[in-house]
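Let's go through a structure together, feature by feature. Open the viewer and keep the sequence at hand.

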Amino acid sequence: MSKSLSFTRNRNRPVNRLVILSIASIALMVLDGRYAAVQQLKSYLSTALKPLQWLADKPVELYEYGSTFLHSQQSLIAANSRLQTENMRLSAMLRQSGAERRELEELRRINGLKNTALGNGTAAEVVSNGKNPLADKLVINKGSSDGLQAGDAVVDQNGLIGQLTAVHPFGAELTLLTHAQSVVPVTVERTGVRSLVYGDGNRVSLRYFPVDADLQAGDLLVTSGLDSVYPAGIPVAKVESAERSSGTPYYRAALSVPAAVRSSKYVLVLPQTEPLSVQTASEAAAPPPRP
């Protein structure tokens with residue numbers, strides 16, 4: 001009689017397995033409580049299974065470490081971003097505060113100059129450098145409605161800046177003393193010798209100072225007051241070097257302008273002793289014929 005093939009195996013029922021395991025557990029607990037050999041066996045088994053326990057714990061530890069590391073990194077990135085934003089904000093506020101302090105100090109000096117030595121001057125603010133940034137012209141926010149006229153001298157707290165050449169009701173155009181057509185009558189403060197300072201593009205020059213007069217490095221050239229445009233005693237230029245030029249009867253001098261010609265924010269406009277017309281102001285700015 002042929003036997004039928006079966007692909008299933010007889011297995012113990014779950015109840016049977018539960019009973020067997022329960023009996024084995026009870027037996028092990030009894031043996032563990034009464035025999036030291038069982039405890040020694042447990043120690044050996046614990047030592048032998050330690051690597052497996054270590055390997056089993058590693059994925060959990062790696063997961064916890066990675067989660068903590070990522071969380072810390074995200075917190076550090078967020079904190080760094082906040083600190084950078086705060087640093088930029090504070091830096092901008094510091095720069096703005098510094099600029100405001102400089103403007104306030106400049107305005108205070110201009111007002112002090114107005115209230116002491118030149119009480120009849122008009123304080124104004126430079127609002128533009130005109131249509132051409134490279135031209136020797138600036139625009140101020142005061143005009144004929146404030147009593148300004150073409151030909152008025154303009155100074156800052158350090159010295160002469162230039163002269164008004166065009167005046168409108170609410171603004172005026174300032175031509176700097178470095179302009180090529182600018183001429184300022186000056187006096188050497190130390191000796192009283194009079195001469196002329198000429199605009200020469202981005203600087204000023206002393207072209208015709210005779211060698212028989214005394215001129216030294218460090219001398220201050222101030223307005224002479226001989227014309228009706230510039231009040232006497234305003235610093236115009238400082239002599240940086242003075243050499244007797246061979247072959248000519250004049251000094252070869254290098255000058256620097258003490259006034260902040262292109263960087264002054266606030267200026268003081270000084271009225272003329274005798275008001276000039278625009279034509280007269282232009283004629284006063286024209287250079288004299290070469291001797």
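Q: Are Tyr 198 and Tyr 208 buried or exposed?
A: Keep in mind that this is a predicted model. Both tyrosines, Tyr 198 and Tyr 208, are buried. For Tyr 208 the relative accessibility is 19%, and it counts as buried because the cut-off is under 20%.

Q: How do I read the aromatic pair that Tyr 198 and Tyr 208 form?
A: Look at the angle between the ring planes: over 60 degrees counts as edge-to-face. Here the planes of Tyr 198 and Tyr 208 are at 85°, with 5.8 Å centre to centre, and the pair is edge-to-face. Tyr 198 sits in strand β7 (residues 194-200) and Tyr 208 in the loop between β8 and β9, 10 residues apart, and the pair links distant parts of the chain.

Q: Which parts does the pair of Tyr 208 and Tyr 250 tie together?
A: Start with the geometry: the ring centres of Tyr 208 and Tyr 250 are 5.6 Å apart and the planes are at 70°, so this pair is edge-to-face. Tyr 208 belongs to the loop between β8 and β9, and Tyr 250 to the loop between β10 and β11, so the pair ties together parts 42 residues apart in sequence. Tyr 250 is partly exposed, at 24% relative accessibility. Tyr 198, Tyr 208 and Tyr 250 form one aromatic cluster, and the whole structure has 3 aromatic pairs.

Q: What is the strand order in the open sheet?
A: To read a sheet, follow the pairing from strand to strand. The open sheet has 6 strands in the order β8-β7-β6-β9-β10-β11, with antiparallel pairing. Its edge strands, β8 (203-205) and β11 (251-256), each pair on one side only. From one strand to the next, the twist averages 40°. Within this sheet, strand β9 (residues 220-223) and strand β10 (residues 235-244) run antiparallel and are joined by 3 bridges. Leu 220 has Lys 238 in β10 as its bridge partner.

Q: Why is strand β12 largely enclosed?
A: In a regular strand, side chains alternate between the two faces of the sheet. In β12 (residues 266-270), 5 of the 5 residues are buried, so the strand is largely enclosed by the rest of the structure. Tyr 266, Leu 268 and Leu 270 are buried on one side, and Val 267 and Val 269 on the other.

Q: Which residue of β12 does Thr 122 stand opposite?
A: Thr 122 stands opposite Val 269. Strand β1 (residues 122-128) pairs with β12 in the antiparallel sense over 4 bridges. Strand β3 (residues 153-155) also pairs with β12 in the antiparallel sense, over 3 bridges. Val 154 has Val 269 as its bridge partner in β12.

Q: Which residues form the nonpolar patch on the surface?
A: The patch consists of Leu 41, Leu 45, Leu 49, Leu 52, Trp 54 and Leu 55, with about 630 Å² of accessible area together. Take Leu 49, which lies in helix α2 (residues 36-115). Leu 49 has a relative accessible area of 47% and is partly exposed.

Notes: Residues numbered from 1 in each chain as written. Predicted model: local features only at pLDDT ≥ 70, side-chain atom pairs only at ≥ 80, totals over all residues. Heavy atoms only, no water. Patch = residues over 30% accessible without salt bridge, like charges linked within 9 Å, V, L, I, M, F, W, Y side chains within 5 Å. Areas by Shrake-Rupley, 256 points an atom, 1.4 Å probe, with all protein chains shown as cover. Salt bridge = Lys/Arg side-chain N within 4 Å of Asp/Glu carboxyl O. Helix = DSSP H or I, 4+ residues; strand = E, 2+ residues; numbered from the N terminus. Buried < 20%, exposed > 50% of the residue type's maximum accessible area, 1.4 Å probe, protein only. Pairing = 2+ DSSP bridges. Axes fitted to C-alpha atoms, helices over the stretch in contact; angles between N-to-C directions. Phe/Tyr/Trp six-rings, centres within 6.5 Å; stacked < 30°, edge-to-face > 60°.
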